Amino acid sequence: MNQALITTIEKQALETLVAIKDKETLMRWEVQFLGRKSELSSMLKDVKNLTPEQKRTLAPKLQGLRQKLVTELTLKQVEIENNARDWEGERVDVTAPGIARPVGHLHPITQLENEVLEIFEALGFAVADGPEVETEWYNFDALNFPKDHPARDMQDTFWLKGGGAKIKKNGKTEAERLLMRTHTSPNQVRFMEKNKPPFRVIVPGRVFRNEATDASHEHTFHQFECLMLDETGKVNVATFKYLAETFFGTFFGKKVTIRLRPSFFPFTEPSFEFDISCVLCDSAGCSTCKQTGWIEIGGAGMVHQNVLEAAGYPKGKYQGFAWGFGLTRLAMMKYKITDIRQFMGGDLRFIRQF
Ligand code: DAH
C-alpha cells in the first residue's frame, strides 16, 4: 500500500463517476469503490498491519478519500434525481394574476341584529341567548298560555316527534313536549330563573311558525325580546315608551313618536301593540305605512304576575315590561324589501346586495 495507489483509486473513482447518468450504474459504482469488497475497504482494514510511520501518513489519506467518495456519491444521487424530475410540469408562472378567493359577509339580518344590540348595550342592556328547540313549558305554559290556546295548534307550531325533555319546574321533574320555539319570549322565563332583578336584557333569535308562506309570512324569521324588571313601582309603561322612543330614534337617526294600542298577550297585563311614526314619509302617508302615518312594530306589556310566578318569583314583588318585535320586519322596512321570503331564500344575488 502506498500513496500512488491511493491516488490511482481516487482518479479512477472520480473519472467513472462523472460519466454516470442513472441510478443502477451509480449503485454498481458504490459497490465497486465503497463496498465491503472494494480496494479501499480492504486497504482500510489493513491499516492495523502498517508500521507506525505508514499509519501516520496513510491512514488519514485513506479516511479522507473514503469521506470524499461518500460526499461525491450523495451529490451524484441528487443530480440524478433532479434530472429525472419533470421540471416543465412543475413550472410556476409567478407573474400570473392570482385567483381571487370569494369573501363572504354577514347576512343582512345579522348585520341588523348587531346594530340593534349595539344600541341596547349602550343603554345598559345585557344580551342573552336561548335554545331554538324549546319545551312546551317555556314556550307556552310558563308564559300563561291557556292549555287550549290556538297558538299551540298543529297549524301554528312545529311540534317535534319523539320523547319529551325532562325539565325541573316547581321542584318537580316533568317530561315536556318539544317544539321549535314560536317566539323569543320563552327566554323571559329562562333569564328570570337564572338572574335576580333588577335587570334589563335583550334576546335576539330565530323563531319558527307552521304557516303557509307568502310575501309577508315566512315559517322562519328573526325576533327580538326585551325584558326590564325591577322591584314593584320602579319600571312602568312610561319607562317602556321612553326606551322605545330612544331605541327607534337612534336606529333611524331621527325623532320617532311611539303610539300604543290596547291588545292582548297571555304573558302581559296590560298588553299593547305599538307603532312608530312612519320614518319614510314623516307621517305624511306613504305605501309603507299604508297612508296612515304609522308603522306597526311589535307587542309589549307589563309582565304578567303569573309569568313571574312561573319563573319562581313571589307574586307582587317585582314589576317590569316585556317587549318583542320582528327583526325581519325591521329589515324589510329599513331596506324597503317587499317579500319576506327573500331573507331565508338562499339566493346569493339578494344577499350580496348588503
Ligand atoms: N311573543 C310575541 C309574538 O311572537 C311578541 C311579544 C308581544 C313579545 C308582547 C313580548 C310582549 O315580550 O310583551 O308575537
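Which domains does the domain assignment of the chain give? The assignment lists domain 1 (3–85) and domain 2 (108–132 + 181–351), with bounds taken from an automatic or database domain assignment. Here are some notes to read alongside the structure.

1. **Ground rules.** This is a predicted model, in which local features need pLDDT of at least 70 and side-chain atom pairs count only at pLDDT 80 or more, while totals for chains, interfaces and linings use all residues. Residues are numbered from 1 along each chain as its sequence is written, and side-chain values use heavy atoms, with hydrogens and water left out.

2. **The two domains.** The C-alpha centres of domain 1 and domain 2 lie 87 Å apart. Domain 2 is written in two pieces, 108–132 and 181–351.

3. Helices (H or I, at least four residues) and strands (E, at least two) are DSSP runs numbered from the N terminus. Strand β10 covers residues 294–303, and eight of its ten residues are buried; buried means under 20% relative accessible area, exposed over 50%, and partly exposed in between (1.4 Å probe, protein chains only). Strands count as paired if DSSP finds at least two bridges between them. β10 pairs with β9 (residues 268–277) in the antiparallel sense over eight bridges, and T268 stands opposite V303 there. β10 is also joined to β11 (residues 318–326) by five bridges, again antiparallel; in that pairing G299 stands opposite G324.

4. **S271 in β9.** Look next at S271, which is found in strand β9. With a relative accessibility of 6%, S271 counts as buried. Its side chain meets that of T268 in a polar contact of 2.7 Å; such a contact is a pair of N or O atoms within 3.5 Å, where within protein one must be able to donate a hydrogen and the other to accept it, and residues adjacent in sequence count only if both atoms are side-chain atoms. Setting aside residues up to four places away in sequence, S271 touches R261, P262, S263, F264, F265, A300 and G301; contact means heavy atoms within 4.5 Å.

5. The structure holds 19 salt bridges, each a side-chain nitrogen of Lys or Arg within 4 Å of a carboxyl oxygen of Asp or Glu. One of them joins E15 and K11 at 3.9 Å, N to O. These two residues are about one helical turn apart because they sit four residues apart in helix α1 (residues 3–19), and both E15 and K11 are exposed. A contrasting setting is found for R152 and E136, whose closest N and O atoms are 2.9 Å apart. That pair links distant parts of the chain, 16 residues apart, with R152 in the loop between α7 (136–139) and β3 (165–169) and E136 in helix α7. R152 is buried at 7% relative accessibility, and E136 is buried at 9%.

6. **R259 and D275.** Here is another salt bridge to look at, between R259 and D275, with the closest N and O atoms 3.0 Å apart. R259 lies in strand β8 (residues 258–265) and D275 in strand β9, 16 residues apart. R259 is partly exposed at 32%, whereas D275 is buried at 1%. Elsewhere, salt bridges that share partners join E136, D141, K147, R152 and R177 into one network.

7. **E176.** E176 is found in strand β4 (residues 172–176) and counts as buried at 8% relative accessibility. The side chain of E176 reaches the backbone nitrogen of W137 at 2.9 Å. Not counting residues up to four places away in sequence, E176 touches T135, E136, W137, D141, G164, A165, I167 and K169.

8. **Nonpolar cores.** A nonpolar core is a set of buried Ala, Val, Leu, Ile, Met, Phe, Trp, Tyr and Cys residues joined through side-chain atoms within 4.5 Å. The largest has 46 residues, and those with the most contacts inside it are F120, F247, F248, I276, F321, W323 and L330. Elements giving two or more residues to this core include α6 (108–122), β7 (220–231), β9, β10 and β11, while the largest share, seven residues, comes from α9. Beyond neighbours within four places in sequence, L330 is in contact with L112, V116, F248, F251, F252, I297 and F325. Apart from this core lies another, of 27 residues, among them L143, I167, V201 and A322.
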